[in-house]
Amino acid sequence: MDKNLIQRTLSGIIYIAIIILCTTPFGAQLINSISPELVKQHYLYYGLITLLLTVGTWECIKIMKFGNGYEKWIVFPVVAVIYYIFSKRYFQHGFYFDFRIQDILAVAAVGIAALTLFKFATELYIDSGKLIFTVIYVALPFSLALGLPKYSVYEQTFSLEVIFLFILIWSSDTFAYIAGRLFGKHKMAPKISPKKTWEGYIGGVVLTLILSYFVEQYQPELRGNWMVVGFLVALFAPLGDLVESQLKRTFGVKDSGNIIPGHGGVLDRLDSFLICAPVVYLYFIIEKFI
């Protein structure tokens with residue numbers, strides 16, 4: 001068997017296992033089987049998002065090739081302040097999904113950052129533009145992701161919205177790849193991602209919707225309607241991949257990093273999540289008022 005294939009398989013399994021352990025009750029149960037009450041699930045999830053945020057920020061700084069100005073040195077402090085604000089809400093159960101203008105603006109900013117990358121990339125050649133983009137593209141999605149699950153310290157419960165979001169993202173990518181290989185003829189964005197086709201995209205949408213139907217049927221305790229979540233994931237997950245591809249293409253970089261051997265960096269693996277998490281968070285806000 002090819003050595004690179006073995007490496008990709010093993011690192012992929014470890015990556016998925018870490019996601020599962022940190023986003024489901026299994027992680028805390030496993031650790032607490034060694035020493036009771038050693039850790040609670042919401043701390044594992046917070047640790048995972050914090051790690052991904054930290055590595056993702058560093059990768060974005062490297063991709064965008066900051067100069068030696070002050071902007072490079074204040075990226076992490078600015079990211080930390082934003083993350084701290086959302087972290088306080090996380091631990092104080094402050095994500096009630098009320099209509100908060102700052103949350104709406106945060107989601108809108110992610111969309112504007114993506115649009116800027118595609119239409120006004122020259123704005124990102126100056127360090128101030130790089131600073132703003134990094135903060136919006138990395139800090140806001142991971143910060144908003146803290147609001148996706150529901151948990152209760154008193155009832156020792158932690159909901160499964162995040163792991164099912166990951167499952168739908170993975171399925172969207174997989175189904176789109178398979179459909180594209182079998183039926184793909186019309187390129188979606190040949191200059192950005194030559195392998196993506198409209199046939200693959202449509203196949204990903206249809207099959208992800210089928211999977212989300214079963215999630216909705218057998219996981220009724222999840223927040224919102226997961227047929228809607230599945231549609232949003234199928235719609236926006238490929239966009240996340242295109243945004244990351246365009247970012248690397250703009251700055252002449254092949255991979256965002258190598259923290260996951262054979263798969264690249266955090267931004268390579270979570271490009272779809274960075275777009276889907278804010279979109280799904282916005283849906284949860286809207287859904288509460290429907």
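## Salt bridges

In this predicted model, 4 salt bridges are present. Asp 268 is paired with Lys 248, with the closest N and O atoms 2.8 Å apart. This pair links distant parts of the chain, since Asp 268 belongs to helix α10 (residues 266-269) and Lys 248 to helix α9 (residues 226-250), 20 residues apart, and both Asp 268 and Lys 248 are buried. Salt bridges with shared partners join Arg 89, Arg 100 and Asp 103 into one network.

Arg 100 is partly exposed at a relative accessible area of 29%, whereas Asp 103 counts as buried at 1% relative accessibility. Another bridge joins Lys 130 to Asp 127, where the closest N and O atoms are 3.7 Å apart. Lys 130 and Asp 127 are 3 residues apart in helix α6 (residues 127-145), and therefore about one helical turn separates them. Residues three or four places apart in an α-helix point the same way, because there are 3.6 residues a turn. Lys 130 counts as buried at 6% relative accessibility, and Asp 127 counts as buried at 15%.

Thr 57 is found in helix α3 (residues 41-64) and is buried, with a relative accessible area of 0%. Leaving aside residues up to four places away in sequence, Thr 57 touches Val 75, Phe 76, Val 79, Thr 134 and Val 138. Of these contacts, Thr 134 is 77 residues from Thr 57 in sequence, while their C-alpha atoms are 6.8 Å apart in space.

## Nonpolar surface patch

Ile 202, Val 206, Leu 207, Ile 210, Tyr 213, Phe 214, Tyr 218 and Met 227 form a nonpolar patch on the surface, and together they have about 770 Å² of accessible area. Helix α8 (residues 198-218) gives the most to this patch, with 7 residues. One of the patch residues, Leu 207, is found in helix α8 and counts as partly exposed at 34% relative accessibility.

## Aromatic pairs

The structure holds 17 aromatic pairs. Phe 142 and Phe 273 form a tilted pair, with 6.3 Å from centre to centre and 35° between the planes. Phe 142 lies in helix α6 and Phe 273 in helix α11 (residues 271-288), so this pair ties together parts that are 131 residues apart in sequence.

Trp 198 and Tyr 201 form an edge-to-face pair, with 5.8 Å from centre to centre and 90° between the planes. Trp 198 and Tyr 201 are 3 residues apart in helix α8, about one helical turn. Trp 198 counts as partly exposed at 42% relative accessibility, whereas Tyr 201 counts as buried at 17%. Elsewhere, Tyr 43, Tyr 45, Tyr 46, Tyr 83, Tyr 90 and Phe 91 form one aromatic cluster.

Definitions and conventions: Residues numbered from 1 in each chain as written. Predicted model: local features only at pLDDT ≥ 70, side-chain atom pairs only at ≥ 80, totals over all residues. Heavy atoms only, no water. Salt bridge = Lys/Arg side-chain N within 4 Å of Asp/Glu carboxyl O. Buried < 20%, exposed > 50% of the residue type's maximum accessible area, 1.4 Å probe, protein only. Helix = DSSP H or I, 4+ residues; strand = E, 2+ residues; numbered from the N terminus. Contact = heavy atoms within 4.5 Å. Patch = residues over 30% accessible without salt bridge, like charges linked within 9 Å, V, L, I, M, F, W, Y side chains within 5 Å. Areas by Shrake-Rupley, 256 points an atom, 1.4 Å probe, with all protein chains shown as cover. Phe/Tyr/Trp six-rings, centres within 6.5 Å; stacked < 30°, edge-to-face > 60°.
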